[in-house]
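I opened the model to look up its strand pairing and its ligand site. My entries follow.

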Amino acid sequence: MAVRNSGERPEWAASARLSFNDAMRLNAWLARAGVASRRKSDELIKAGRVTVNGEPGQLNTFVQRTDDVRLDGEPLQKQQLAYVLLHKPAGVVTTASDPEGRPTVVGLVGHPARVVPVGRLDADTTGALLLTNDGELANRLAHPSHEVDKVYVAEVKGDPDADVLARLEQGIELADGRSAPARARRLGFGRVELTIHEGRKHQVKRMLSAVGHPVRRLHRSTYAGLTLEGLEPGDWRELEVSEVARLRHTLPARGADGGAGKARPS
Ligand code: URA
């Protein structure tokens, strides 16, 4: 397995653009420390269980690197940022925990940082999945306005012709609205490559069903320019310095805490 499990501070952390030193909102800080999700952290803050430099934390408290943050009086430490690219195998669900007890991508990666998937792949879909504890970047990647490319290879029933490919490219009327223009090309008999930037539930399967070619097998070959080169199903690796920098620099930040609004699954 091409697993690289670094407990060390990554080299790119020294870069000013990827600084650990920026002030961040208390709920985001708590999420980064692995305490809870941002929403659950808000509840902890409202319950008065979090202090910053001895004072009760508020929902609008911003935390600096040197601040003393405590939960129920116990000091907390912010975790390092981590970015993991997983070659998701089939049969693994894209969540941190599954009520049905199925294996999860978070369990499969087993990263010491509290990384969570950016967006979602169906349990039977294989391919490129990014996991991170960098909520700011995850929000940017998942926000529809950034039009992050996701490339899927679908094995379908039948053999889509040029007319079908053109319809996929123009957008398909789905139950939740028309899909945005996509790129579609035939790779061989019953094999289609579809590049989309939306992230609606079962979108590729629904688009291909709508044009009469239900999906038999679905694989995401590329996510935001990240390919699976060198990764077998189930393998993962940390992103390179240059890959994190590229993602950060090509997706402009929005809003006070860097979030781009409400994230949608990708
Ligand atoms: N579209 C789908 O239909 N399924 C996926 O897993 C991803 C995109």
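The model is predicted: local features need pLDDT of at least 70 and side-chain atom pairs count only at pLDDT 80 or more, while totals for chains, interfaces and linings use all residues. Residues are numbered from 1 along each chain as its sequence is written.

I noted that β10 (residues 150-156) and β15 (residues 215-223) pair in the antiparallel sense over seven bridges; strands pair if DSSP finds at least two bridges between them. β10 also pairs with β14 (residues 191-196), again in the antiparallel sense, over six bridges. There, Lys150 stands opposite Ile196. Strands are DSSP runs of E, at least two residues, and helices are runs of H or I, at least four, numbered from the N terminus.

I then followed the side chains of β10, which alternate. Lys150, Tyr152, Ala154 and Val156 point to one face and are buried (20 or more other C-beta atoms within 10 Å of their own, C-beta atoms being placed from the backbone).

**Ligand site**

I listed the residues around the ligand (C-beta atom, placed from the backbone, within 6 Å): Leu121, Asp122, Thr125, His202, Gln203, Val204, Lys205 and Leu218. Helix α6 (residues 203-210) gives the largest share of this shell, three residues. Domain 2 (83-145 + 225-250) and domain 3 (149-223) both contribute to the shell, so the ligand lies between them; the domain bounds come from an automatic or database assignment.

Methods:
Buried ≥ 20, exposed ≤ 12 C-beta atoms within 10 Å, placed from the backbone.
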